[in-house]
Amino acid sequence: MTSSDAVPGRHRLRTPDAFAGRASELALLQEELRRASEGEPRLVLVDGPGGIGKTALIRRFLGTVTGGCVLRASGAEGESTLPYGVLAQWVEQVPRPLPDSLGPLARTPGCLPTSPEPVAAGFGLLDLLGEVGGVQGQKQGQGQGSGQRSESGPVVLVLDDAHWADQPSMNALAFALRRLRCERVLTIVALPDPDVPQLPGGTRRLLADVRTLRVSLDGLSPDEVSLLSAELGSQRLSPAASVRLRAHTRGSPLHVRALLEQVPAPVLMDVTTSLPAPHSYALLVLAGLAGCGAPARRLVQAVSVLGTSCLLSSAARLGRVPQPLPALQRAVRAGLLHESAVSTAPEVAFPHPLVHAAVYQDLGPAHRAALHARAADLVGDEYARLRHRVLAATGPDEHLTAALAACARREAAAGQWAVAGTHLRHASRLSTTAEERDRLAVEAVEALLLDGRVREAADLADGFPDSSDPALRGYARGYVARVQGHTSRAQALLADAWEQCERDPSLAARTAEQLSHTLITAGRAADAARWAERARRSSTARGPGGMLRYCRLTALGLTGAFEEGMACSAALPDPALVPPADVDLLLGRGQLHLWSGELVEAQRDLAGAVANSRTVPVPLQLLSAAGLAQTLHLLGDWDRALTHAEASASIADDTGQAWLGPVPHTLAAQILAARGDWDRAQGHVRFASAAPGCAESTPESVYAAVARGHVADARAEPQCVVDALRPLLRLAGHDVVNEPGVVVWQELLADALVQLGAYAEAAEVLAAFEERARARGRHAALSGAARVRGNLHAARREPRLAEAAFLSAHDHAARVPIPFGLARVRLDHGSFLRRTGRRTVAVDRLQAAYDTMYGLRALPYWARCVRELNACGRTVPEHPAQQPSAAGDGVTGALTPQELAVARLASQGLTNRRIASELALSVKTVEYHLGHTYTKLGIASRIGLVGKLAPPVSAPNHLPPPPHPSFLPGR
């Protein structure tokens with residue numbers, strides 16, 4: 001987001017018009033413009049600190065204004081004593097004739113403007129606003145600030161930097177605004193704080209009026225920081241780098257932009273390095289530091305080494321300041337430190353992270369290292385002590401390497417992968433031998449991947465020198481390639497590493513585990529099961545990610561060895577009692593239940609896995625949430641399914657888990673398309689299709705194709721379904737793609753082929769699908785296949801065979817709790833019965849389908865039920881009734897997927913701790929998302945969420961009127 005808030009010495013950026021975020025603020029301004037256009041004068045206050053983007057927001061808003069008259073003015077510190085300077089800026093933009101009272105302000109050749117009487121100036125501005133807003137005729141002048149006139153648009157009166165405006169102009173503005181009644185005028189006033197002393201009392205009271213809309217700008221979110229980096233033409237920041245830059249600058253667009261320009265991309269992306277302050281900002285801070293005196297300077301420098309805050313006594317000892325209070329007083333007066341009382345011990349802190357960065361970066365390498373070395377002897381916390389020792393190190397250090405590695409392994413055993421990964425990277429860098437360096441680097445790659453920091457892991461793996469152990473190098477790079485979705489490369493690297501690591505049982509077991517996972521992705525389940533067994537035999541130690549047992553159960557399930565897989569997990573206790581160390585086994589069992597149609601058991605296991613996954617590696621968290629979402633979708637709990645799918649998709653995108661991202665995105669697209677929410681569904685389709693591994697990895701590309709197929713099916717576009725799914729027929733030997741319990745696409749393809757008249761091809765697709773589903777006992781898949789076969793026989797005019805197929809579909813659906821699948825059977829069966837003249841029976845089937853579709857809010861399919869019932873002579877009543885709708889969807893477009901997931905659970909009454917447990921987030925993260933959600937939705941509490949995200953209504957006993965014809969998709 002751009003900003004023209006003046007800051008001396010600011011470097012001009014390459015892309016001054018770059019803009020990111022502020023969607024909710026823009027929406028508020030556009031709503032105020034609409035109200036003003038209807039004859040309701042509106043006043044908007046835009047406030048926020050310098051550099052926060054007030055000017056940029058107004059500029060972007062004005063770019064959306066079409067027609068009307070835009071008058072812009074800005075206060076300036078050097079002109080604040082110039083009478084009517086601001087009013088003159090507005091007057092100069094209005095083509096003559098002007099009201100007589102404002103004539104003296106118009107510049108004429110050879111004459112200086114004169115000042116009108118105060119009351120006359122107010123009346124003149126009032127007349128001007130009424131006259132310009134009511135002018136009929138053509139536009140005159142060009143540009144946003146040149147007095148555009150339009151027959152339909154209102155006047156948009158803008159005053160930027162109002163705290164520097166002259167008082168006569170502000171008095172005239174307040175006089176005019178208080179007297180507007182029905183004029184079409186939108187006034188926007190921007191300033192840092194409405195309580196600044198420069199504002200006249202009348203203006204302050206007007207801005208504080210309850211009818212004034214206040215838009216207070218906060219810093220950009222991490223997502224907006226990432227978007228701004230792309231808008232500026234630099235490398236788009238990763239989620240972790242965006243979070244760090246946002247915290248460092250508190251989201252100030254001015255400072256974010258400065259650092260994006262001044263700091264090299266590798267430094268911005270490497271979250272283990274310190275970020276500097278923008279150059280112009282640092283100069284101001286260092287000037288203040290230089291004037292504080294030596295004791296205060298040493299105190300401030302000591303605080304910068306200890307962190308952004310610390311105890312005053314600790315900083316005094318490190319800075320060797322015997323009398324810290326006078327030094328602190330000087331630092332506080334200079335704006336370099338704040339003080340606060342914590343119990344009886346005073347604490348000091350920097351007022352802004354950029355102040356800390358400026359002071360710390362100015363220390364110089366030698367002074368900085370010396371202070372860190374002293375700090376390591378002063379602090380008592382092991383993590384802090386190790387951090388200071390690392391920052392003081394000037395070369396390899398055997399003892400420090402051993403201490404870092406020991407601490408990292410303890411943290412890894414406790415599931416603290418973020419700390420473990422950071423310590424292991426430092427340990428590798430400080431190691432004294434090449435062999436130890438490479439082994440520690442491999443452990444760091446594992447920890448970083450399990451923490452979801454894929455890009456850091458990839459950079460570290462790529463940095464292995466050619467002289468390193470080929471087994472270690474191949475394993476690290478193969479593991480990264482698998483997570484990135486590069487299945488073929490991962491398989492080759494890991495197979496080569498296996499050949500090289502026979503003398504290292506632990507590395508051999510970890511390599512075999514990764515090969516097992518890779519072969520599952522490649523659709524070779526039997527080979528994957530053999531590699532899982534080989535990994536189990538190679539070493540008694542479990543792999544770092546705890547994924548081996550999950551891989552084994554998954555591979556067994558895909559080969560049809562369901563009983564053997566269940567036997568492996570028979571010793572598990574109740575899901576609520578399973579410890580985190582066994583989440584992988586519980587997750588594997590839940591997947592087996594899901595694929596076999598035992599959905600109630602699957603929900604228990606997968607909900608238990610989600611609840612216990614907060615301390616497990618990121619991949620297990622994502623797999624648990626995705627599996628639970630799939631289960632809830634089949635069970636008909638679409639709201640919770642969508643919550644978990646979108647949360648899982650968001651985490652997968654943020655952590656670079658390319659191999660898993662398409663799964664939750666596809667499920668979210670399927671649910672949203674079935675509800676007629678086309679824009680959000682297409683958004684998930686785009687994410688699924690854009691996964692880095694999609695072009696190479698079969699499952700990722702399959703899920704993206706299936707997402708497109710589901711959207712096309714909901715839109716009743718059979719040719720689009722065929723275009724998306726027909727290429728999958730080439731994957732007949734892929735175990736994942738063709739397992740009926742994993743991803744169902746043959747049913748959609750065959751149904752679309754029937755609608756297009758390709759009966760022979762549809763029958764061929766169904767036959768292969770039914771054979772495998774029958775062999776595995778997949779009743780949900782068999783129900784869908786029988787439904788499509790009923791449609792095929794009906795299209796071929798084989799009514800007896802069609803009836804038998806539909807009855808078979810009902811029988812299979814009765815064995816598994818799949819409300820939507822059963823409703824589709826009833827809808828198609830009812831349609832067939834109507835066409836064969838059995839309308840009474842057809843109405844019963846169609847009414848049952850209607851009730852289910854209504855409860856699920858499956859709008860496109862519900863619309864088909866309405867049409868069929870009407871065709872049966874079941875006239876829809878004319879009285880008004882609420883149509884099913886995705887409650888809240890119309891007001892949540894500005895929310896991110898994770899914000900929406902948190903908001904939905906909060907609206908259902910769950911506590912923050914319960915939400916954190918269900919979504920595998922921290923309580924602080926939940927609080928952060930709720931705060932942003934309240935701001936975006938314009939509410940103050942959870943009570944407001946209930947109205948915005950109301951639960952679905954239950955199916956009524958009467959039929960609502962059919963939807964508008966433009967909504968009904970053709971079929």
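This is a chat about a predicted model of a protein chain.

Q: Give me the overview first: how many helices and strands does the protein chain have?
A: The predicted model has 47 helices and eight strands in the protein chain.

Q: And what share of the residues is buried?
A: Buried residues come to 56% of the 971 in the protein chain.

Q: OK, on to the open sheet. What's the strand order?
A: The five strands go β2-β3-β4-β1-β5, and the pairing is parallel. The edge strands are β2 and β5, the latter being residues 213-216, and each of them pairs on one side only. On average, neighbouring strands in this sheet are turned by 15° against each other, ignoring direction.

Q: How do strands pair in a sheet in general?
A: Through backbone hydrogen bonds, in either a parallel or an antiparallel way.

Q: Back to this one. How many bridges link β3 to β2, and how many join β3 to β4?
A: β2 (residues 69-74) and β3 pair over six bridges, in the parallel sense. Five bridges join β3 to β4 (residues 185-191), and these two run parallel as well.

Q: Can you give me a residue pair for each? Which residue in β3 is the partner of A73, and which one in β4 goes with V156?
A: A73 has L159 of β3 as its bridge partner. For V156, the partner in β4 is L186.

Q: Is β3 enclosed or open to the outside?
A: Largely enclosed by the rest of the structure, because six of the six residues in this strand (residues 155-160) are buried.

Q: Which way do the β3 residues point?
A: V155, L157 and L159 point one way, while V156, V158 and D160 point the other way. All of them are buried, D160 included.

Q: What does the chain do between β3 and β4, and which hand is the unit they make?
A: Helix α5 (residues 167-178) makes a β-α-β unit with β3 and β4, and the unit is right-handed.

Q: What about the other end of the sheet, how do β1 and β5 pair?
A: β1 (residues 42-47) pairs with β5 in the parallel sense over four bridges. In β5, R214 is the bridge partner of L45.

Q: Which strands does helix α1 touch?
A: Helix α1 (residues 23-37) packs on the sheet and touches β1, β3, β4 and β5. The direction of α1 makes about 145° with that of β4.

Q: And where does α2 lie?
A: Helix α2 (residues 54-62) lies across β1, β2, β3 and β4, and runs at about 160° to β4.

Q: New topic: S596. Where is it, and is it buried or exposed?
A: S596 is in helix α28, residues 583-596. S596 is buried, because its relative accessible area is 15%, under the 20% cut-off.

Q: What does S596 touch, leaving out residues up to four places away in sequence?
A: S596 touches F562, G777 and R778. A polar atom of the S596 side chain also lies 3.1 Å from the backbone oxygen of H593.

Q: And E598, where's that?
A: E598 is in the loop between α28 and α29 (599-611). At 29% relative accessibility, E598 counts as partly exposed. Leaving aside neighbours within four places in sequence, E598 is in contact with F562 and H593.

Q: How far is E598 from V816, going by C-alpha atoms?
A: 7.3 Å, although the two are 218 residues apart along the chain.

Q: Now R680. Which residue has a side chain in polar contact with it?
A: E646, with a polar contact of 3.0 Å between the two side chains. R680 lies in helix α33 (residues 678-689) and is buried, with a relative accessible area of 18%.

Terms used:
Residues are numbered from 1 along each chain as its sequence is written. This is a predicted model: local features need pLDDT of at least 70, side-chain atom pairs count only at pLDDT 80 or more; totals for chains, interfaces and linings use all residues. Side-chain values use heavy atoms; hydrogens and water are left out. Buried means under 20% relative accessible area, exposed over 50%, partly exposed in between (1.4 Å probe, protein chains only). A polar contact is a pair of N or O atoms within 3.5 Å; within protein, one must be able to donate a hydrogen and the other to accept it, and residues adjacent in sequence count only if both atoms are side-chain atoms. Contact means heavy atoms within 4.5 Å. Two strands pair if DSSP finds at least two bridges between them. A crossover is right-handed if, with the strands pointing away from the viewer, the path from the first strand over the helix to the second runs clockwise. Axes are lines fitted to C-alpha atoms, for helices over the stretch in contact, and angles run from 0 to 180 degrees between N-to-C directions.
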